[in-house]
Amino acid sequence: MTSTAHPSSRIGGFHKLAIPARIDAVAQFAGLGDDDKAHLLNTGNLPAELADHLIENVIGTMNIPVGIATNMKIDGRDRLIPMATEESSVVAAVCNAARQCYDHGGFVTSMSGTEMIAQIQLTQVSDPQHARIRILEHKEDIRTLCDACDPMLVKLGGGFRDLEVRVIDTRGGTMVITHLIVDTRDAMGANAVNTMAEKIAPQIGAWTGGQTNLRILSNLADRRLARARCVWRTADIGGEAVRDGMLAAYHFAAADPYRAATHNKGIMNGVSAVVLATGNDTRAVEAGAHAYAARGGHYTSLTTWEVTNGGDLAGSIEMPMAVGLVGGATKLHPTAKTALKILGVTSARELAQIIAAVGLAQNFSAMKALATTGIQKGHMALHAQNIAMMAGAAGDEIDRVAQVLVAQGTVRIDVAEAELQRLRSGA
């Protein structure tokens with residue numbers, strides 16, 4: 001007998017229910033009230049019908065604030081950058097970093113290409129080195145099969161570009177791993193390269209006598225590297241002491257993975273916010289970034305910071321950036337489509353380069369804050385507003401309570417509640 005205190009999560013035909021019926025089922029399971037149900041039914045500026053086709057078992061949407069980073073000059077062109085994030089100070093950090101280098105030319109960006117890698121795993125091979133050569137001998141056959149999978153991609157200038165075959169030792173024995181190198185142009189390319197890998201896998205098994213297993217893209221997109229660089233004049237950032245403090249922060253991150261994890265998280269605050277705003281895959285970009293940061297066997301900084309001959313601070317970033325303008329939410333989500341219009345981009349390459357510049361700007365601001373006032377001063381000033389709202393403040397009460405929290409240096413909900421009570425009592 002099922003206990004009434006622990007209802008069953010086995011809800012037959014849940015995916016077939018209309019959204020209101022799904023919400024009713026969840027409400028009964030979790031004890032949700034009418035206000036909760038009404039909130040879930042309000043999907044904001046994403047139509048419920050579209051949401052229901054983007055993912056499975058939809059019961060609502062999670063609206064994330066979208067802000068605009070100003071002051072960005074990239075490759076000589078001014079840009080407004082849409083950023084979707086729930087974290088205070090992220091958008092402001094990019095604005096501030098960009099303002100401090102705007103008059104000195106802003107950011108310069110480039111891209112290694114738009115190629116993705118699909119991997120085909122081959123096991124149970126008695127002669128792996130011979131198998132490797134046999135696969136390489138079929139490069140032109142593989143080209144023909146891959147390009148036949150997506151004639152439209154080929155028509156747009158993309159398609160199969162190269163073949164790599166690696167022999168690796170694993171706990172399960174020696175494996176032969178084939179890499180299909182495919183130019184996916186303005187698409188992120190996951191669907192295209194996965195289709196090609198599945199098409200080629202049986203042929204590889206037949207040519208080698210081995211057993212093919214996994215057939216899927218790699219998110220370590222190291223043939224799709226976005227790069228950005230920028231110089232901040234020492235006089236514009238507060239002098240040599242600030243510059244040297246920022247360099248010390250970078251040297252720490254470059255040497256220590258515990259620090260590098262937080263250093264790179266700050267970079268991804270900016271990167272993921274633009275990736276999300278444009279409907280791209282945040283998890284793919286994040287996985288690729290962190291794998292790339294560890295490619296040398298030691299997890300380290302995604303950015304590099306140096307001093308120029310003139311004594312100014314030079315920063316650069318290089319990281320995988322598998323984003324696209326076609327396919328998935330980028331073409332379907334109304335907010336993503338609007339964000340791309342605001343950016344004014346015409347290619348995936350252009351979008352990737354902009355995102356890299358945002359990541360570098362974010363890193364600059366985080367390091368500068370750490371090297372000077374500390375990260376909490378600016379962050380907690382913005383966070384104080386969130387605490388005020390959590391305490392129940394509304395309207396102009398939010399700013400008034402937040403100002404008191406910041407002035408006292410105690411951004412805590414108990415202090416906010418006490419201040420709100422004092423404010424409302426007229427004391």
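Helix H18 covers residues 413–425, and its 13 residues reach 18 Å from the first C-alpha to the last, close to the 18 Å expected at 1.5 Å a residue. The expected span is 1.5 Å times one less than the number of residues. Helices here are DSSP runs of H or I with at least four residues, strands are runs of E with at least two, and both are numbered from the N terminus. The model is predicted: local features need pLDDT of at least 70, side-chain atom pairs count only at pLDDT 80 or more, and totals for chains, interfaces and linings use all residues. Residues are numbered from 1 along each chain as its sequence is written, and side-chain values use heavy atoms, leaving out hydrogens and water.

Which residues of H18 are buried? They are Val415, Ala416, Glu419, Leu420 and Leu423. Buried means under 20% relative accessible area, exposed means over 50%, and partly exposed lies in between (1.4 Å probe, protein chains only). Viewed down the axis of H18, the buried residues fall within an arc of 135 degrees, so they line one face of the helix. That arc is taken from the directions running from the helix axis to the C-beta atoms. On the face turned away from the buried side, H18 carries the exposed residues Gln421, Arg424 and Ser425. Just after H18 comes Gly426, with a positive phi of about 80 degrees.

Asn57 has one of about 55 degrees and sits in the loop between helix H3 (48–54) and strand S1 (66–74). Asn57 is partly exposed, at 38% relative accessibility. In strand S1 itself lies Asn71, whose positive phi is near 75 degrees. Asn71 counts as partly exposed at 31% relative accessibility.

Thr123 belongs to strand S4 (residues 115–123). Is Thr123 buried or exposed? Its relative accessible area is 16%, so Thr123 is buried. Leaving aside residues up to four places away in sequence, Thr123 touches Met175, Gly210 and Gln211, where a contact means heavy atoms within 4.5 Å.

Now for the whole protein. Its secondary structure comes to 18 helices and 10 strands, and its C-alpha atoms fill a box of roughly 85 × 75 × 40 Å along the principal axes. Of the 427 residues, 46% are buried. Among contacts with a separation of 6 or more, 70% come from residues 24 or more positions apart.
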